[in-house]
Amino acid sequence: MSRTRSVLVPFGTRPEVVKLAPVVAALTDAGHRVDVVDTGQHTDPALAGELQQTLGLTPTHRFALPTDSPASRLGALYADAARAVADFRPDVVLALGDTNTVPAYALAARGAGVPFAHLEAGLRSLNPRSVEEVNRRVAAAVAALHLAPTRRAAAFLAAEGVPAERVFVVGNPVVDTLVARGVQAVPLAERRGVLVTAHRPTNVDDPVRLKRLVGIIRSLAEQVGPVTFPVHPRTAGRLAATGLDAGLEHPDIALTGPVGYDELLAALASARIAVTDSGGIQEEAAYLGVPVVVLRGSTPRWEGVEAGTTTLASLADDSAADAVLAAAARHTTPAEQARAASLPCPYGDGTTGPQVAAILADEATDALLAIEEPDFTDGRLPW
């Protein structure tokens with residue numbers, strides 16, 4: 001016998017829209033009642049509302065966060081989460097990834113006695129300075145269901161003591177979106193140049209790292225090929241404030257503002273290599289067979305590193321430019337281009353949404369969603 005459940009799905013950022021749209025569609029198609037909450041983390045239309053329309057993710061409710069300080073935004077996010085759980089009274093709260101939306105709704109669910117399911121569970125960068133890593137671990141501590149994208153993510157959860165029966169390897173729903181939109185790899189002979197994206201505060205808020213990034217982009221344009229750089233609003237502000245934007249004036253560097261999702265995918269698919277600090281681009285590049293240099297010292301997406309199609313190169317290092325350029329030279333050889341294009345995507349097969357819907361519909365999931373107090377009054381010990 002199958003179940004239909006009431007599911008509350010919050011999202012706050014562009015990657016969450018991309019990845020949750022097919023999951024919400026699959027849940028709805030399976031008969032579950034789904035309420036979708038826009039938590040208000042992104043306010044730029046190009047990063048939020050327009051993408052929601054493009055992918056068909058229609059919020060049931062939208063919250064607006066204050067703009068006076070990060071602390072007030074975070075406090076309001078938590079308060080809104082508690083209000084949403086109380087108003088919608090879901091059977092389960094389902095959140096994806098590692099933004100501040102995730103711990104807010106995980107803790108609000110637990111406070112209300114509602115089970116929490118974490119999609120994209122088990123990713124680990126092993127970076128204690130990463131807020132995203134903290135958010136992932138909070139989610140893991142609260143989750144009744146851990147919906148992991150890969151076996152390696154499931155292995156991280158197992159090492160942390162998560163019971164195997166609570167972990168389901170379902171792939172990453174970004175692949176669902178790519179398949180649904182008919183995104184295709186571009187033939188190697190038609191690929192050209194470099195796609196660069198950078199938005200993480202640890203990279204763009206630090207003037208030293210930002211200066212290194214500008215130098216790297218110029219060198220990529222001169223040594224690898226034309227650079228396409230869709231500039232995130234945060235990055236644009238930092239470049240202007242430091243005067244470093246002048247360093248990007250180069251005939252082979254094309255600067256744009258935020259671009260639509262399809263346009264970004266087209267630029268990625270037609271590039272020989274991506275240089276980025278984004279998590280989602282690592283997954284999308286793997287699907288399209290494009291190698292990646294990640295501008296970080298670690299990544300929660302180790303599958304690409306293991307396959308040899310992803311190279312880590314931190315901007316914190318004085319030798320960052322040499323590392324990035326050496327990696328770019330290696331990844332753009334004909335042999336490495338062909339190898340990256342031939343490998344299967346390690347992040348899923350495009351069926352994540354239906355798998356999640358089926359797990360929630362399974363009556364056996366009832367026991368996993370139950371939140372019950374333990375009883376050790378009979379003298380047993382928990383080991």
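## A sheet, its helices and its salt bridges

Helix α16 (residues 352-361) lies across β1, β4 (92-96), β5 (116-119), β6 and β7, and runs at about 160° to β6. The axes behind this angle are lines fitted to C-alpha atoms, for helices over the stretch in contact, and angles run from 0 to 180 degrees between N-to-C directions. Contact means heavy atoms within 4.5 Å. Helices (H or I, at least four residues) and strands (E, at least two) are DSSP runs, numbered from the N terminus.

The model is predicted: local features need pLDDT of at least 70, side-chain atom pairs count only at pLDDT 80 or more, and totals for chains, interfaces and linings use all residues. Residues are numbered from 1 along each chain as its sequence is written, and side-chain values use heavy atoms, with hydrogens and water left out.

### The sheet

An open sheet is formed by 7 strands in the order β3-β2-β1-β4-β5-β6-β7, with parallel pairing. Two strands pair if DSSP finds at least two bridges between them. At the edges are β3 (61-62) and β7 (167-169), each of which pairs on one side only.

β4 and β5 pair in the parallel sense over 4 bridges, and Leu-94 has Ala-117 in β5 as its bridge partner. Strand β6 (residues 145-148) pairs with β7, also in the parallel sense, over 3 bridges. There, Leu-147 has Phe-168 in β7 as its bridge partner.

β5 is covered on both faces: Phe-116 and His-118 on one side, and Ala-117 and Leu-119 on the other, are all buried. Buried means under 20% relative accessible area, exposed over 50%, and partly exposed in between (1.4 Å probe, protein chains only).

### Helix α14

Helix α14 (residues 320-331) has 12 residues and reaches 16 Å from its first C-alpha to its last, close to the 16 Å expected at 1.5 Å a residue. The expected span is 1.5 Å times one less than the number of residues. Ala-320, Val-324, Leu-325, Ala-327, Ala-328 and His-331 are buried in α14. Seen down the axis of α14, these buried residues fall within an arc of 160°, so they line one face of the helix. The arc is that of the directions from the helix axis to the C-beta atoms. The partners against which the buried residues of α14 pack are α9 (207-223), β11 (273-276), β12 (292-294), β13 (310-312) and α15 (334-342).

### Salt bridges

Side chains of opposite charge can pair when their charged atoms come close. A salt bridge is counted here when a side-chain nitrogen of Lys or Arg is within 4 Å of a carboxyl oxygen of Asp or Glu. By this rule the model has 24 salt bridges. The table gives some of them.

| Pair | Distance, N to O |
|---|---|
| Arg-3 and Asp-366 | 2.8 Å |
| Glu-283 and Lys-19 | 2.8 Å |
| Asp-35 and Arg-33 | 2.7 Å |

The salt bridge of Arg-3 and Asp-366 links distant parts of the chain: Arg-3 is in the segment before β1 (6-11) and Asp-366 is in helix α17 (residues 365-369), 363 residues apart. Arg-3 is partly exposed at 27% relative accessibility, and Asp-366 is partly exposed with a relative accessible area of 26%.

The salt bridge of Glu-283 and Lys-19 joins two helices: Glu-283 lies in α12 (residues 279-288) and Lys-19 in α1 (residues 14-29), so the pair ties together parts that are 264 residues apart in sequence. Glu-283 is buried, with a relative accessible area of 1%, and Lys-19 is buried at 3% relative accessibility.

In the pair of Asp-35 and Arg-33, Asp-35 is buried at 9% relative accessibility, whereas Arg-33 is partly exposed, with a relative accessible area of 43%.

A network of salt bridges links Asp-98, Arg-124, Glu-133, Arg-136, Arg-137 and Glu-160. Glu-133 lies in helix α5 (residues 131-142) and is buried, at 4% relative accessibility. Not counting residues up to four places away in sequence, Glu-133 touches Leu-123, Arg-124, Ser-125, Leu-126 and Asn-127.

### Ala-81

Ala-81 is in helix α3 (residues 70-88) and is buried, at 0% relative accessibility. Leaving out residues up to four places away in sequence, Ala-81 touches Ala-104, Tyr-105 and Ala-108. Ala-81 and Asn-172 are 91 residues apart in sequence and 24 Å apart in space, C-alpha to C-alpha.
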